[in-house]
2 protein chains.
Amino acid sequence: MRSPRIGVFDSGVGGLTVLSKLVELMPGAEYHYFGDTARVPYGGRASETIIGYSRQGLNYLASMGADLLVVACNTSSAIALPTLKGMFDIPVIGVVEDGVGVAISHARRGVLVLGTRATVKSGVYQHAIAVQRPDLPVRGVACPLFVPVVEEGLANAYLAEEVVRHYLQSCDDFDYDAILLGCTHFPIISTAIRNFVNKDVSVLDPSARVAERVRTILSGFSISSRDQPDIHFHVTDASESFKSVASMMGFSNVDQVTHVDVAGL
Amino acid sequence: MRSPRIGVFDSGVGGLTVLSKLVELMPGAEYHYFGDTARVPYGGRASETIIGYSRQGLNYLASMGADLLVVACNTSSAIALPTLKGMFDIPVIGVVEDGVGVAISHARRGVLVLGTRATVKSGVYQHAIAVQRPDLPVRGVACPLFVPVVEEGLANAYLAEEVVRHYLQSCDDFDYDAILLGCTHFPIISTAIRNFVNKDVSVLDPSARVAERVRTILSGFSISSRDQPDIHFHVTDASESFKSVASMMGFSNVDQVTHVDVAGL
């Protein structure tokens with residue numbers, strides 16, 4: 001069996017946090033990363049818009065010959081995946097179940113789920129956690145400004161601390177010992193989140209768990225041993241900011257970014 | 001001559017500030033407002049994306065039978081208008097020249113132009129002001145977080161003051177007595193801007209001047225006298241936030257918002 005080809009879908013740069021973990025675990029696979037940078041952010045848009053945009057991106061990745069699709073975007077995983085999953089004849093993996101898994105294995109007193117407006121409003125995390133751990137209090141908090149702060153490269157600026165305070169200070173009445181980062185952008189702003197909360201609160205990023213699950217699903221493939229990972233980037237907007245965030249995150253071949261139009265797919 | 005039909009284009013809700021002024025001045029005209037709420041914000045995207053999206057929205061408004069198109073979005077006015085203007089057989093009005101006009105008539109010592117990343121990078125305001133008033137120092141400041149703060153309804157929150165401070169405190173070395181709001185979203189956050197700057201600084205919103213110019217261009221039409229303005233809203237995303245911002249701004253008929261797809265236009 002040949003080396004697998006993995007398609008990673010995201011609304012923008014956030015899914016690079018998932019891609020990093022995948023490459024770390026399976027450096028010999030072939031990767032196609034799609035970022036819908038011309039239409040990011042998804043998190044405040046209507047469900048039908050999120051479903052339509054996600055379908056176009058996944059169709060594009062499937063047309064690249066992917067063996068498996070990872071919906072790294074939590075908003076798409078929460079809103080679009082239930083509708084779109086059955087439309088493909090290859091596995092389509094979301095990130096919600098791994099978020100739920102990491103939350104219930106770490107939280108004791110209560111879990112705060114941070115996400116976009118659409119993800120939190122959907123209630124998928126709150127519902128799935130309640131099904132598996134009915135005793136565990138859960139609160140969802142929409143943090144719509146985290147994505148623009150990250151996309152603007154301000155995650156480590158003083159302003160990020162103020163934005164985190166804005167959303168988290170309203171949770172002082174809730175007793176939690178775990179924060180679930182329910183958006184792939186949020187690991188990038190996690191230092192500001194850690195600085196705000198008590199030391200005994202775990203800040204949980206599900207991406208390593210997503211990568212482990214993908215490896216298990218693809219265990220029938222033989223993964224080639226390669227020094228340099230084979231990653232192809234596809235974006236809907238030709239702006240420079242994708243390249244700068246990607247190289248800040250350690251991706252070296254960002255000069256070869258393909259600009260694509262998926263509106264007709 | 002019948003009453004004119006005016007098309008107002010914006011990337012999202014920001015152009016409602018211009019629509020307000022138009023309705024105030026010409027309550028008897030017929031208005032079609034288009035907000036590209038499924039793809040807002042434009043201000044950080046590549047030029048070709050901004051031009052493509054703007055063309056689709058303007059094509060849509062032209063297909064409604066508009067007599068004149070107002071590009072209320074400064075990013076589109078700065079980046080797309082020079083390319084698109086010649087493609088229509090009706091007048092297409094941007095907002096840049098009115099911004100320049102209001103700045104040079106008010107500023108004495110120096111003018112700070114606030115805009116999106118794309119608008120400021122284009123240099124259109126800085127260049128046009130320098131041509132007409134070579135003696136007047138100008139500095140452009142990209143404020144990319146203002147749009148998400150406004151779209152999230154946080155313009156009057158404490159956080160808005162911190163976001164304004166983040167961008168304006170780096171201008172302490174520049175002597176200015178006027179701030180030009182070079183984005184239609186920014187009048188909505190202008191209280192926070194006024195609170196930050198010295199009392200002798202004028203904060204300038206070009207929208208009233210845009211409306212005056214439109215009235216002049218349309219002076220050949222006979223504008224009917226109507227109690228209730230005839231406004232039709234068209235948006236690319238069916239989310240509730242457009243309705244809530246529009247009714248907060250005093251528009252009463254926001255129940256009749258049409259959800260449209262312009263990607264193929």
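# Close-up views of a predicted two-chain model

Figure 1

**Figure 2. The contact between chain A and chain B.** On the side of chain A, 20 residues are in contact with 20 residues of chain B. Two elements of chain A give two or more residues to this side: helix H2 (47-63) and helix H9 (158-168). H9(A) gives the most, with four residues. Sorted by class, the side of chain A that touches chain B has nine nonpolar, five polar and six charged residues. Of the interface residues of chain A, 100% are also interface residues in chain B, so the copies meet through the same surface.

**Figure 3. The two domains of chain A.** The domain assignment divides chain A into domain 1 (5-94 + 208-259) and domain 2 (96-205). Domain 1 is therefore written as two stretches of the chain, and domain 2 as one. The centres of the two domains, taken over C-alpha atoms, are 22 Å apart.

**Figure 4. Where domain 1 of chain A touches domain 2 of chain A.** The contact joins 25 residues of domain 1 to 21 residues of domain 2. On the side of domain 1, the elements that give two or more residues are helix H1 (16-25), helix H3 (74-79) and helix H11 (207-217) of chain A. Which of these helices gives the largest share of that side? H3(A) does, with five residues. By class, the side of domain 1 that touches domain 2 has ten nonpolar, eleven polar and four charged residues.

Figure 5. Most peptide bonds are trans. In chain A, the bond from A:Val40 to A:Pro41 is cis, with omega near 0 degrees. A:Pro41 is placed in the loop between strand S2 (30-35) and H2 of chain A. In chain B, a cis peptide bond joins B:Val40 and B:Pro41, and its omega is about 0 degrees. B:Pro41 sits in the loop between strand S2 (30-35) and helix H2 (47-63) of chain B.

**Figure 6. Helices H1 and H11 of chain B.** Helix H1 (residues 16-25) and helix H11 (residues 207-217) of chain B pack with their axes 8 Å apart, at an angle of about 50 degrees. H1(B) and H11(B) are therefore oblique to each other. Their crossing is right-handed. H1(B) brings B:Thr17, B:Val18, B:Lys21, B:Leu22 and B:Leu25 to the contact, while H11(B) brings B:Ser207, B:Ala208, B:Val210, B:Ala211, B:Glu212, B:Val214 and B:Arg215. By class, the residues of this contact are seven nonpolar, two polar and three charged.

**Figure 7. Helices H5 and H7 of chain B.** The axes of helix H5 (residues 96-106) and helix H7 (residues 124-132) of chain B come within 10 Å and cross at roughly 50 degrees. That angle makes H5(B) oblique to H7(B). The crossing of the two helices is right-handed. From H5(B), the residues B:Val96, B:Gly99, B:Val100, B:Ala103 and B:Ile104 meet B:Val124, B:Tyr125, B:Ala128, B:Ile129 and B:Gln132 of H7(B). How many charged residues does the contact of H5(B) with H7(B) have? It has no charged residues, alongside eight nonpolar and two polar ones.

**Figure 8. Helices H5 and H11 of chain B.** H5(B) also has a contact with H11(B). The axes of H5(B) and H11(B) come within 9 Å and cross at roughly 120 degrees. The two helices are therefore oblique to each other. H5(B) passes H11(B) in a right-handed crossing. The contact is made by B:Asp98, B:Gly101 and B:Val102 of H5(B), and by B:Arg209, B:Val210 and B:Arg213 of H11(B). The class count for this contact is two nonpolar, one polar and three charged residues.

Definitions and conventions. Residues are numbered from 1 along each chain as its sequence is written. Chains are lettered from A and ligands numbered from 1 in the order in which they are written. This is a predicted model: local features need pLDDT of at least 70, side-chain atom pairs count only at pLDDT 80 or more; totals for chains, interfaces and linings use all residues. Axes are lines fitted to C-alpha atoms, for helices over the stretch in contact, and angles run from 0 to 180 degrees between N-to-C directions. Angles under 35 degrees count as roughly parallel, over 145 as roughly antiparallel, 65 to 115 as roughly perpendicular and the rest as oblique. A crossing is left-handed if the near helix is turned anticlockwise from the far one by less than a right angle, and right-handed if clockwise. Two residues are in contact if their C-beta atoms, placed from the backbone, lie within 7 Å. Ala, Val, Leu, Ile, Met, Phe, Trp, Tyr, Cys and Pro count as nonpolar, Asp, Glu, Lys and Arg as charged, and the others, Gly among them, as polar.
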